[in-house]
Amino acid sequence: MRRNKSVKGMLLLLAALTVGVVGCSSGNTKGNEPAASPSATSTESAANPSSNEELVELSLFVDHSWYPTKDWSGPIPEEITKRTGVKLNITVATDEKQLPLMIASGDLPDLVFTSNQIVRMSDPKLSLPWDDLIAQYAPDFVVDEERIKLNTANDGKIYTVLGAYSTPEEWAQYPLATDMGPGVMVRQDIMDKMGNPPLNTLEDFKNVLIRVKNEYKDQIPLVMNPAGWIRTYFSSQFGAANDGLVEKDGQLIHFLRQAELLETYKYMNSLYREGLITAENFAYKNEDQAKQLALSGKAFAYEWTTNGAETFNAQIKANGGDYSYTQIVNQLNDQAAIYKNSAGWSGTFITKNNKNPEKSIKLMQFLFSEEGDRLAKWGIEGEHWNWNEQGFPEMTYDKLNPEVQNKLGIYWWANLVGKAVNEGLFYYTPGTQTAAAEVDQAKIKVYNPYISKVKPDPDSREQVILTNIGDMLENQEAKVYLAKTEEEAVQAYNEMLKKAEDMGLADYEKWANEKYNEVKPN
Amino acid sequence: MKPEAQPASERPRLSHGSSVWTTFKKQKAFQFFVLAGMLFLLVFSYGPMVGILMAFKDYRIVDGVGGIFTSEWIGMRHFKDFVTDYNFETLVKNTLILSFLKLFFSFPVPILFAIMLNEMRSQVFKRIVQTVSYLPHFISWVVVTGILYAFFSTDVGIINDMLMQLGIIDKPLDLLTDPNYFWGLAVASSIWKEAGWWTIIFLASIAGLDPSLYEAAEIDGATRLQRIRHVTVPGIKGSIIVVLILSLGNILGGGLVGSNFEQSFLLGNPLNSDTSQIVQTYAFNVGLAQGRFAFATAIDFIQSVIALTLILSSNYIAKKVSGSSLF
Amino acid sequence: MRRKRTTEDRVLDSLNYVALALIGLCTFYPFYYILILSFNQGTDTAFGGIYLWPRAFTLDNYTYIFNDGKWSSAFVVTLARTVVGAGLTVLFTCLVAYGLSQKGLLFSRFYFIFFIVAMNFSGGLITYYVLLKGLGLLNTFGVYVIPSMLNLFFLMVAISFFREIPAEIGESARIDGAKELQIFFTIILPVSLPLIATMALFMGAGQWNSWLDSAYFVQNDDLRTMSYRMIQIINQSMIPTDNASGQYAAMRQVTGFSVQVTAMVISVAPIVCVYPFLQKYFVKGIMLGSVKG
């Protein structure tokens with residue numbers, strides 16, 4: 001009997017809790033309207049005496065789950081709001097499925113910032129074209145010809161202007177604006193002990209690695225950062241495009257077909273056969289595992305980025321280590337080349353649900369302007385940065401520290417529609433190995449952003465072919481790297497090529513060339 | 001499980017020979033309970049099921065929900081695309097082998113473990129071991145993979161280190177990259193992670209057993225092992241069969257045979273892809289990561305049909321073979 | 001219940017002790033491992049070699065996670081959904097299972113097929129989202145506890161459990177004129193405590209760790225759950241190093257891995273604390289008092 005009572009009591013308590021909590025929370029939940037759509041907007045009259053305009057709040061969805069700043073707070077966003085009358089209510093994606101779900105269910109906010117869904121969002125069913133908005137609300141918003149051509153969608157309209165891009169003229173204007181690229185670094189202390197052998201060619205590099213293997217048994221001669229950097233440096237040295245399409249003899253070919261890529265594979269395979277890289281390196285799930293080898297002193301050479309040495313040295317020092325890395329600044333091969341085929345990284349779309357297209361397009365205009373872009377990226381002139389006569393801004397704050405960036409609300413919101421040169425200038429720090437490496441690398445860059453317009457429809461057959469080939473490559477590449485002899489490596493490569501052909505590589509290339517003829521400038 | 005022996009008293013209400021309506025009225029409270037559940041499912045499960053249509057259509061997400069109905073009907077094209085994919089056979093082979101290995105090796109473990117726990121005399125010891133045993137369930141596969149690397153890596157793994165120092169092997173084992181080891185690794189880690197959690201269900205079943213059955217058996221002279229064999233095991237036969245049938249239904253994915261997707265996704269890499277790639281990782285990479293919802297739905301649909309078939313047939317077989325079944 | 005300990009008993013018991021101790025150690029160690037890692041500096045962990053205790057003790061991982069605001073509302077929401085959600089699911093699922101477990105229930109075949117089909121087929125995320133929108137559940141507390149009220153797997157488990165309960169158990173109450181619903185609450189449920197304890201634990205753990213609904217179906221910041229917050233933090237710590245700030249971030253003592261590990265410890269802790277209270281229901285003989293009494 002007692003047991004029954006206690007159970008009843010427990011059940012009653014549960015019931016009470018249900019009613020109580022559900023009742024309470026629904027009451028407290030703001031925005032619990034029947035429509036309950038994520039586009040919560042409100043127009044408040046400005047309590048801010050310094051602004052004459054009404055303050056508009058727009059919702060922004062950031063389709064990058066790793067975005068370091070997730071709210072519109074800090075002196076910089078406040079300044080932007082002061083000058084544009086717009087405040088952003090931000091939601092950062094939890095994963096890459098969230099945006100497609102929002103698209104499919106029609107629940108889009110006012111603004112969407114994405115790179116994965118650029119082609120999908122460039123659709124009149126989802127977004128408002130900028131040309132119309134500019135004509136209607138901001139006729140003085142001028143976008144250069146090049147960007148217009150690069151951002152024109154399939155229906156001839158512009159739905160976004162991608163950020164993180166700059167025209168050749170802009171790059172020429174600011175020679176110190178460089179950007180990160182692939183790089184390789186070596187342990188300076190071991191180099192010293194070996195008498196600083198030359199490192200001018202790829203052969204030199206391999207010989208140094210072999211020496212390390214023989215004389216320093218506890219070192220792994222070369223460790224490669226597995227998060228997308230395995231092939232990148234070496235393909236740049238052989239002048240092979242590392243992904244996508246590349247123009248050869250006036251035609252576009254898939255990067256897999258390049259003879260230079262085969263050279264890259266053969267070289268890397270030889271590194272494996274000489275015992276200079278480990279098989280497990282290709283299996284690491286994340287870069288921490290590779291990094292750990294470098295930071296604990298087990299990696300002689302490390303393949304990563306142009307600013308890798310700088311980054312590691314700071315950390316090694318912090319951990320009390322007594323060795324350091326040196327970035328290899330010069331190119332190791334005459335035919336080195338890096339193909340820059342991107343027309344930008346990520347773009348902001350003004351959706352059909354947007355509550356205030358006028359303020360939206362004007363916000364874009366502001367952030368695109370030199371004044372707005374620099375404010376968003378660098379800060380307030382005089383307070384956060386000062387122009388150095390050599391041609392770059394000097395920051396008064398610890399610019400690379402994400403906590404500082406977060407507090408100031410600086411840099412990251414400029415990506416909505418900013419210029420790549422201003423990013424490059426942000427990162428430039430004179431006298432560093434990074435700067436030296438990146439300036440040297442700038443010489444071998446080959447630009448062709450129009451190739452980036454050759455992007456298939458997300459649901460099309462060409463997209464399927466492209467993705468299948470990419471997946472196959474990821475899985476089969478290891479066989480090339482880990483082949484026992486050079487002949488086997490070449491054979492494995494040929495098999496990959498054949499598999500790609502079977503998947504429809506030729507059809508894809510044919511479509512790509514047709515598309516390229518339509519979009520390339522004449 | 002439908003009990004094999006009829007209880008002594010028949011409930012007078014459910015008499016044979018009455019009309020359907022009379023019987024229904026007599027059990028109307030129970031019917032109502034069930035119908036409440038059906039209504040719930042109608043809304044939350046069957047309503048959204050209309051989404052399955054997109055598996056047969058050329059659906060694009062920019063068309064929104066209406067697109068499910070208005071896009072072009074393409075019949076089995078998505079299914080054909082899947083089946084003719086160049087690594088379809090490898091995918092199916094790996095998926096099936098992995099699931100069956102797991103079922104075979106990991107199914108008996110929770111049952112055994114529950115029995116062992118039940119037989120433990122010290123309550124304190126039993127509680128501690130049981131609490132500890134299900135902790136791995138809450139550790140995500142991402143972290144488990146990290147732990148596996150820390151232990152089994154050829155460069156820094158402690159296991160390889162130890163084995164080499166003891167002289168058992170002279171070269172580190174490529175546990176994480178050799179395709180031959182993947183299945184073993186997947187089965188072992190899945191047992192370690194999930195067995196403790198599933199033991200709880202069987203332990204609950206054992207707890208519900210009538211102790212007088214044990215007393216009776218002991219009076220009849222049964223040894224401890226015999227008591228386990230003849231009282232405990234048959235006593236929880238119902239639960240075992242239910243979990244077995246449902247796990248078979250989930251053979252391609254979750255349930256007791258657990259987490260195929262996470263394991264393949266995290267422990268799989270280009271070096272062992274010959275044995276680690278499964279249907280779910282394929283569906284994820286090609287279907288969802290690219291937003292090809294219709295294609296992913298088609299693959300899902302195939303798996304659902306297979307699961308349903310397995311449940312229905314295993315239920316039938318269980319009934320024929322052991323007399324007990326799910327329904 | 002006194003029984004002589006036979007030799008068989010002694011042998012089996014010793015074997016049992018040894019085996020269970022080994023199993024306990026095996027399953028405990030990895031958890032202990034992540035516990036010490038959560039108190040170890042992330043960058044130091046990356047060197048490997050930590051097995052028994054933290055080498056570079058720090059509370060940084062914890063302060064990093066809790067540094068961000070909004071944890072108190074997240075905690076309340078998560079606690080509420082765990083208790084309410086588990087409670088609702090256990091009650092509703094058991095109710096339906098009880099009905100379905102009755103011998104001689106008309107149309108039971110049909111019902112079973114209905115449930116089993118629902119268990120296996122799904123229309124996908126998109127139509128589900130639209131349904132939630134249409135029902136007005138989006139962005140409400142209800143979205144956490146209502147759609148999960150019927151757990152099909154445990155429906156089947158509960159059915160098999162209820163079938164074991166002898167039919168006589170409710171007879172006297174029935175004769176006295178009690179309604180079936182009353183009998184369910186006052187007689188059946190109390191006798192099924194192991195089942196309820198199990199379901200409460202499974203459902204509760206599921207509610208506690210669920211983050212997907214908080215991510216996709218809720219916009220209101222005050223309605224987010226703890227697990228969502230943790231996923232957010234984990235995501236943010238994974239800033240890609242294809243970016244100089246990403247590399248700088250990676251330099252901090254806190255790494256993506258150490259954050260994840262700490263999040264794990266935080267998720268498991270409450271469950272470890274709650275379960276010992278439920279354990280007393282897993283004792284043989286729970287049926288004893290009710291039938292004879």
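Student: How far apart do the C-alpha centres of domain 1 of chain B and domain 2 of chain B lie?
Tutor: In this predicted model, the domain assignment of chain B gives domain 1 as residues 17-46 and domain 2 as 86-142 together with 174-290. The centres of these two domains, taken over C-alpha atoms, are separated by 35 Å.

Student: What separation is found between the centres of domain 1 and domain 2 of chain A?
Tutor: Chain A is also divided into domains, and domain 1 consists of 43-173 and 343-430. Domain 2 of chain A consists of 182-305 and 454-519. Taken over C-alpha atoms, the centres of these domains of chain A are separated by 34 Å.

Student: At roughly what angle do the axes of helix α15 and helix α17 of chain A cross?
Tutor: Two packed helices are described by the angle between their axes and the distance between the axes. For α15 (residues 370-378) and α17 (residues 420-427) of chain A, the axes come within 10 Å. The crossing is right-handed, and its angle is roughly 35 degrees.

Student: How many charged residues does the contact of α15(A) with α17(A) have?
Tutor: From α15(A), the contact is made by A:Asp373, A:Arg374, A:Lys377 and A:Trp378. From α17(A), it is made by A:Asn422, A:Glu423 and A:Phe426. By class, 2 of the residues are nonpolar and 1 is polar, while the number of charged residues is 4.

Student: Which strands stand at the edges of the open sheet in chain A?
Tutor: The sheet has 4 strands in the order β6-β9-β5-β10, with mixed pairing, and its twist averages 25 degrees from one strand to the next. An edge strand here has a single partner strand, so one of its sides is left without a neighbour in the sheet. The strands in this position are β6 (220-224) and β10 (325-327) of chain A.

Student: Which residue of β9(A) is the bridge partner of A:Leu222?
Tutor: β6(A) and β9 (residues 299-305) of chain A run parallel and are joined by 4 bridges. In β9(A), the bridge partner of A:Leu222 is A:Ala301.

Student: Which helix gives the most residues to the side of chain C that touches chain B?
Tutor: Chain C has 16 helices and 0 strands. The contact takes 85 residues from chain C and 82 residues from chain B. Several helices of chain C each supply at least two residues of this side, including α4 (71-100) and α15 (256-278). The helix that gives the most, with 16 residues, is α1(C).

Student: Is C:Asn139 buried or exposed?
Tutor: C:Asn139 is found in the loop between α6 and α7 (142-145) of chain C, and its phi is positive, near 65 degrees. A residue counts as buried if 20 or more other C-beta atoms lie within 10 Å of its own. C:Asn139 has 24 such atoms, and therefore it is buried.

Student: How many other C-beta atoms lie within 10 Å of C:Phe107?
Tutor: C:Phe107 lies in the loop between α4 and α5 of chain C. Its phi is positive, about 65 degrees, although it is not a glycine. C:Phe107 is partly exposed, and the number of other C-beta atoms within 10 Å is 13.

Technical notes:
Residues are numbered from 1 along each chain as its sequence is written. Chains are lettered from A and ligands numbered from 1 in the order in which they are written. This is a predicted model: local features need pLDDT of at least 70, side-chain atom pairs count only at pLDDT 80 or more; totals for chains, interfaces and linings use all residues. Domain bounds come from an automatic or database domain assignment. Axes are lines fitted to C-alpha atoms, for helices over the stretch in contact, and angles run from 0 to 180 degrees between N-to-C directions. A crossing is left-handed if the near helix is turned anticlockwise from the far one by less than a right angle, and right-handed if clockwise. Two residues are in contact if their C-beta atoms, placed from the backbone, lie within 7 Å. Ala, Val, Leu, Ile, Met, Phe, Trp, Tyr, Cys and Pro count as nonpolar, Asp, Glu, Lys and Arg as charged, and the others, Gly among them, as polar. Two strands pair if DSSP finds at least two bridges between them. A residue is buried if 20 or more other C-beta atoms lie within 10 Å of its own, exposed if 12 or fewer, and partly exposed in between; C-beta atoms are placed from the backbone.
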